[in-house]
Amino acid sequence: MLSLVTFTETWSPEDMLILLKNMKSIIPSQDISKFKTTESHMDWNDLAFKNFTGPMCRQKWVEISSEVRKFWTVSEIVHDAEERVTNLYKGKKLKKHPKFPKKPLAPYFRFFIEKKAQYVKLHPEMSNLDLSKILSKDYKELPDEEKMKYIQDFQDEKQEFEKNIAKFREEHPDLMPTRKSVRETQDPPQKEEEEDEEENLP
């Protein structure tokens, strides 16, 4: 078995540049994940080349990156900090922006919030899961005219949300693309709406 020293000595500068070039080719173009997150998601076996296996490539990267970090200057760290602050709300954190419009609740969840307290009093022994099942069943069995109230409220707020999201996009072009994606221009399935809104339930 090769020792770590021998393991390291087999790498020429040209080999290390090939490794770095290969790594750049598989990193997402707009990668904003933490260093360790992106590193952990890499398939090192895909980076193997010549006689260098995936584990060997990973070990070499650990050595290179640890050496590079020793030579960071304060100005470089400040620059990275500025990037971090500027991109604070990009990606998955976009919805945490203080001015990001709140998505309207789907019809079922409007019914759920309105009726939950009443059902809790009627069935204090039931768990939240069992109560949710009963509420879901009762909502599905509502007469169309009663259900339409929740649907109409949702549609009204959805139109307002679309106006607000368009305004937000204009005011923050750095956070959102100017063109709507196909996903945004189509009405999502009811199941998907319910899954998205579960996070907003009390």
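**Close-up views of a predicted model**

**View 1. Aromatic pairs in the predicted model.** The structure holds 10 aromatic pairs (Phe, Tyr or six-membered Trp rings with centres within 6.5 Å; planes under 30 degrees apart are stacked, over 60 edge-to-face, the rest tilted). Phe-111 and Tyr-150 form an edge-to-face pair, because their ring centres are 5.7 Å apart and their planes stand at 90°. Phe-111 belongs to helix α6 and Tyr-150 to helix α8 (residues 144–171), so the pair ties together parts 39 residues apart in sequence (helices are DSSP runs of H or I, at least four residues, numbered from the N terminus). This is a predicted model, in which local features need pLDDT of at least 70 and side-chain atom pairs count only at pLDDT 80 or more, while totals for chains, interfaces and linings use all residues; pLDDT is the predictor's confidence in each residue, from 0 to 100. Residues are numbered from 1 along each chain as its sequence is written, and side-chain values use heavy atoms, without hydrogens and water.

**View 2. Ring cluster and lysines.** Ring pairs join Tyr-108, Phe-109, Phe-111, Phe-112, Tyr-139 and Tyr-150 into a cluster. The charged end of Lys-147 sits over the ring of Tyr-139, 5.1 Å from its centre (NZ of Lys or CZ of Arg within 6 Å of the ring centre and within 35 degrees of the ring normal). Lys-149 lies over the face of Tyr-150, 4.8 Å from the ring centre.

**View 3. Surroundings of Tyr-119.** Beyond neighbours within four places in sequence, Tyr-119 is in contact (heavy atoms within 4.5 Å) with Phe-111, Leu-131, Ile-134, Leu-135 and Asp-138.

Terms used. Helices (H or I, at least four residues) and strands (E, at least two) are DSSP runs, numbered from the N terminus.
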